Amino acid sequence: MTLSRPITQAASTLRDRFRDVRATTLALAAPLSAEDQCIQSMPDASPTKWHLAHTTWFFETVLLQPHAQGYEPFDTRFHYLFNSYYEALGPRHPRPQRGLLTRPSVDEVHAYRRHVDEAVLALLEGGIQAQDWAAIEPIVTLGLNHEQQHQELLLTDILHALSCNPLLPAYKPASGPALRLAAVPQPVRWLSQPGGIAEVGHAGSGFSFDNETPRHQALLRPYAIADRLVNCGDYAQFIADGGYQRAELWLSDGWAAVQANGWRHPAYWLAADDPRLGLDPQHPHQQPQGGAGWQVFGLHGVRPMEADAPVAQLSFYEAAAYAEWAGARLPTEFEWEAAFDAPGITQMTGHVWQWTRSSYDPYPGFRPMPGIAAEYNGKFMVGQLVLRGGSVATPAGHARPSYRNFFPPAARWQFSGLRLAKDL
């Protein structure tokens, strides 16, 4: 007879990671007031408090209730309040009304997190047997990667909410005033790629979401890809050349969005005559200097536009229009991935998510994760575009070459920008 042995070292490593990820989420919410954490500025965004609760709900619902013997839920009503989109788990509070949940309070949500954290840590410290580890470890690992996604959403969602406030308050003030530098953006260098058969998708070592699999072959024609991202100085030239007034540059749906929404620049840019720039006399560095140009609202508040900083908060439509204006195009997600380690290429991760020309479709042979997690990605594979890379808001270590982000083409509240490509 073979006796089951407890998994100790692996459980200890996972326990430490669990503590780190959960603490990071609280640290990201710490600069925000209770009022900040309750606001929902649009249906596509969620309140900070909801992010704190939903990520906790995931561990409670998917891990503890099925796998922790004797676990008692913190509040059974939270099963309804903090479900996101899992149809198999029953009805839920409507997404556009999450900002109406003034209760439970932030303090109660923190108590909920402590209750669940203690139960997860007890489970991981309880001498998990090998046969149980095979079921528990993938759920915890998925839950941590899920929480890291919500860490990024927490920042992008609160930035949108703060952008709706005419005072344009900073999420976290910078240590000092920004300096306007007369930087001349470096010209784009085109990196030729041979095309041919490329292996794309996750290679199987380490974690991936199911939408990154299976790894497969893609046939690429020869192409060139830009060595860097399109920056603010580049994009300012597009605006100055009447880019938002030239219908011939835009896809039909994009031109309709420009007209319907009055887009004239990226979402968080402010022209020198914007009246909001005069509302904070305590911060004269935020004032336009002699009509010098654009200001940009970000996590550190309003700052002078940096010409060499990657342009952000663009929709797919704006990215495609800029590419048309520049005499280029957007890369496919397969071209992007194949060029990830190309000699001379820069800014592939950690700056902005990069729109591609690929629709968000399943890879050949795709199968969703088993169980409840089957709803995680697959059911959203329609009407969306793929973004690659990772942004300044993406947690360290969370991005990888095969990572596929996805949004509808009009979305522009994310840290989303572009890199150019062209045919050879």
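This is a predicted model: local features need pLDDT of at least 70, side-chain atom pairs count only at pLDDT 80 or more; totals for chains, interfaces and linings use all residues.
Student: OK. Let's start with helix H3. Which residues does it cover, and how far apart are its ends?
Tutor: Helix H3 takes in residues 48-67, and its end C-alpha atoms are 28 Å apart.

Student: What span should 20 residues give?
Tutor: At 1.5 Å a residue, the 20 residues of H3 should span 28 Å, which agrees with the model.

Student: Where is the kink in H3 centred?
Tutor: The kink is centred on Glu60, and the bend there is about 30 degrees.

Student: And is H3 enclosed or open to the outside?
Tutor: H3 is largely enclosed by the rest of the structure, because 17 of its 20 residues are buried.

Student: Which one gives the largest share?
Tutor: H6 does, with 6 residues of the lining.

Student: How do the lining residues of the largest pocket divide by type?
Tutor: There are 13 nonpolar, 13 polar and 7 charged residues in that lining.

Student: What about the second largest pocket, what's its volume?
Tutor: The second largest pocket has about 630 Å³. Its lining has 23 residues, and the closest to the centre are Val296, Gly298, Leu299, Ala309 and Phe415.

Student: Which strands supply at least two residues there?
Tutor: Strand S8 (295-298) and strand S9 each do that.

Student: And how do the residues of this second lining divide?
Tutor: They divide into 16 nonpolar, 5 polar and 2 charged.

Student: You mentioned S8 and S9. Which sheet are they in?
Tutor: They belong to an open sheet of 3 strands, in the order S7-S8-S9, with antiparallel pairing. The edge strands are S7 (269-270) and S9, and each of those pairs on one side only.

Student: How many bridges pair S8 with S9?
Tutor: S8 and S9 pair over 4 bridges, in the antiparallel sense. A hairpin of 2 residues joins S8 to S9.

Student: Which residues stand opposite each other in that pair?
Tutor: Val296 faces Arg303 in S9, and Gly298 faces Gly301 in S9. Val296 and Gly298 are also among the residues closest to the centre of the second largest pocket.

Student: Nice link. What's the strand order in the sheet with 4 strands?
Tutor: That open sheet runs S12-S11-S10-S13, and its pairing is mixed. S12 and S13 (416-417) are the edge strands, each pairing on one side only.

Student: How do S10 and S13 run, parallel or antiparallel?
Tutor: S10 and S13 run parallel, joined by 2 bridges. Trp353 stands opposite Ser416 in S13.

Student: Switching to the backbone: which residues does a cis peptide bond join?
Tutor: One joins Arg103 and Pro104, where omega is about 10 degrees. Another cis bond goes from Thr213 to Pro214, with omega near -5 degrees.

Student: Where do those two prolines lie?
Tutor: Pro104 is in the loop between helix H4 (78-81) and helix H5 (106-124). Pro214 is in the loop between strand S4 (196-200) and strand S5 (216-220).

Student: Last topic: what about positive phi in residues other than glycine?
Tutor: Gln313 has one, with phi near 60 degrees. Gln347 has a positive phi too, of about 60 degrees.

Student: Where is each of them?
Tutor: Gln313 is in the loop between S9 (301-304) and helix H9 (316-325). Gln347 is in the loop between helix H10 (333-338) and strand S10 (353-359).

Student: Is Gln313 buried or exposed?
Tutor: Gln313 is buried, because its relative accessible area is 5%, and the cut-off for buried is under 20%.

Student: And what is the relative accessible area of Gln347?
Tutor: Gln347 has 23%, so it counts as partly exposed.

Notes. Residues are numbered from 1 along each chain as its sequence is written. Side-chain values use heavy atoms; hydrogens and water are left out. Buried means under 20% relative accessible area, exposed over 50%, partly exposed in between (1.4 Å probe, protein chains only). The expected span of a helix is 1.5 Å times one less than its number of residues. The bend at a residue is the angle between axes fitted to the seven residues ending there and the seven starting there. Ala, Val, Leu, Ile, Met, Phe, Trp, Tyr, Cys and Pro count as nonpolar, Asp, Glu, Lys and Arg as charged, and the others, Gly among them, as polar. On a 1 Å grid over the protein atoms alone, a cavity is a set of points where a 1.4 Å probe fits but cannot get out, and a pocket is an open set with protein on both sides within 12 Å along at least five of seven lines; lining residues have an atom within 4 Å of a point. Grid points are joined across faces, edges and corners, and a volume is the space filled by probe spheres set on the points. Two strands pair if DSSP finds at least two bridges between them.
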